Amino acid sequence: MAASGENLRINPDRLWDSLMEMAKIGPGIAGGNNRQTLTDADNEARHLFRRWCEAAGLEMGVDRMGTMFMTRAGTDPDALPVYIGSHLDTQPTGGKFDGVLGVLAGLEIVRSLNDLNIATRHPIVIANWTNEEGARFAPAMLASGVFAGVLDLDYAYGRTDSEGRRFGDELARIGWVGEEDVGARKMHAYFEYHIEQGPILEAENRQIGVVTHGQGLWWLEFTLTGKEAHTGSTPMPMRVNAGLAMARIFEMVQTTAMENQPGAVGGVGQVAFFPNSRNVLPGKVVFTVDIRSPDQTKLNGMRTRIEAQAAKIAEELGVGCAVEVVGHFDPVTFAPELVERVRASAEKLGYSHMDIISGAGHDACWAAKIAPATMIMCPCVDGLSHNEAEDISKEWAMAGANVLLHAVIETAEIAK
């Protein structure tokens with residue numbers, strides 16, 4: 001069909017301008033963004049996105065988790081929508097593209113279809129999921145998790161940030177508690193476009209990552225309890241040092257991940273010492289171990305080993321040890337028919353591509369539990385993400401958005 005031929009493209013300048021305009025909201029301190037979920041900056045970004053969508057003729061719906069659904073009507077009232085989703089919230093020191101690229105590329109798809117006067121049989125819906133990052137309220141992918149039925153709404157509302165503020169209260173404060181029941185919507189298919197957040201595509205000089213699988217994850221929050229004591233006057237044999245136990249557990253996590261190569265990672269990115277004073281041995285240390293693998297057996301085996309060895313390390317030092325799961329999802333196999341559609345679109349458009357496994361968690365991981373889903377990735381400079389120096393090129397952004405355009409049109413079906 002001529003309308004879906006190789007000449008069909010998005011407007012790269014418009015997409016890039018939208019990305020740069022959104023990046024002005026919640027600026028970081030080093031060129032990136034700090035637009036954490038349910039902050040005033042998040043609220044401002046939502047309103048800007050809403051204005052853009054309504055200008056493009058989209059109708060907004062919002063569910064009780066605050067997720068925004070912007071709908072372009074299809075010609076068949078009985079056809080289920082094709083969803084394009086990602087997120088506008090960022091890490092505290094986040095970049096301008098993580099998540100945002102996927103949301104605004106979805107908007108650009110709609111704008112391009114409008115420009116070309118192309119109607120689709122299936123509606124197209126752009127989703128801005130609430131709290132994908134999990135930086136302020138753990139776990140990550142919170143709203144999509146409730147949508148998929150793997151997390152409870154009351155549980156989500158009760159999550160607290162580092163200052164004790166509840167998710168539900170902050171959602172109400174910024175005015176984004178919607179009326180829709182979470183998960184009531186049905187999907188024909190789900191697409192998510194994202195930067196890779198890793199170095200593979202750039203190193204292999206490929207423009208498109210065809211995402212076949214997503215790694216599974218465990219976030220294990222450890223609380224180690226020792227005894228606060230003066231660092232100068234407490235004899236070494238008499239110390240109950242939670243910090244020392246933490247250090248040994250860190251090393252053990254590293255060893256566990258390395259001994260499960262290839263296809264496994266593990267590390268710690270968040271630690272809190274109490275009382276966190278220079279000359280006081282910590283009475284409590286709280287940290288989260290992040291382990292991931294696309295192999296279910298390997299992932300669960302790592303968890304079992306880490307929990308058992310951490311308990312042994314703590315016991316040997318007389319330190320209390322408690323662990324709580326604060327995040328989890330199983331490895332994901334994305335819908336083969338949609339993966340092949342992405343691959344075919346990249347080939348049709350002449351873009352270099354390769355199959356890739358997503359190392360990070362995304363809302364698509366939960367969407368895949370309830371509908372056919374897949375992802376498209378573009379490279380990022382030096383594989384850097386969750387960092388204000390995160391960067392992509394306009395050409396990379398355009399290539400992935402063009403592949404997304406063609407894959408969505410094939411799935412939503414041009415109206416006859």
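Me: What counts as a disulfide?
Reply: A disulfide is a pair of cysteine sulfur atoms within 2.5 Å. The structure holds zero of them. This is a predicted model, where local features need pLDDT of at least 70 and side-chain atom pairs count only at pLDDT 80 or more, while totals for chains, interfaces and linings use all residues. Residues are numbered from 1 along each chain as its sequence is written, and side-chain values use heavy atoms, with hydrogens and water left out.

Me: What makes Cys 378 count as buried?
Reply: Buried means under 20% relative accessible area, exposed over 50%, and partly exposed in between (1.4 Å probe, protein chains only). Cys 378 has 0% relative accessibility, so Cys 378 counts as buried. Cys 380, also at 0%, is buried too.

Me: Why is H1 called roughly antiparallel to H2?
Reply: Helices (H or I, at least four residues) and strands (E, at least two) are DSSP runs, numbered from the N terminus. Axes are lines fitted to C-alpha atoms, for helices over the stretch in contact, with angles from 0 to 180 degrees between N-to-C directions. H1 (residues 12–22) and H2 (residues 40–55) have axes that come within 11 Å and cross at roughly 155°. Angles under 35 degrees count as roughly parallel, over 145 as roughly antiparallel, 65 to 115 as roughly perpendicular and the rest as oblique. Therefore H1 is roughly antiparallel to H2.
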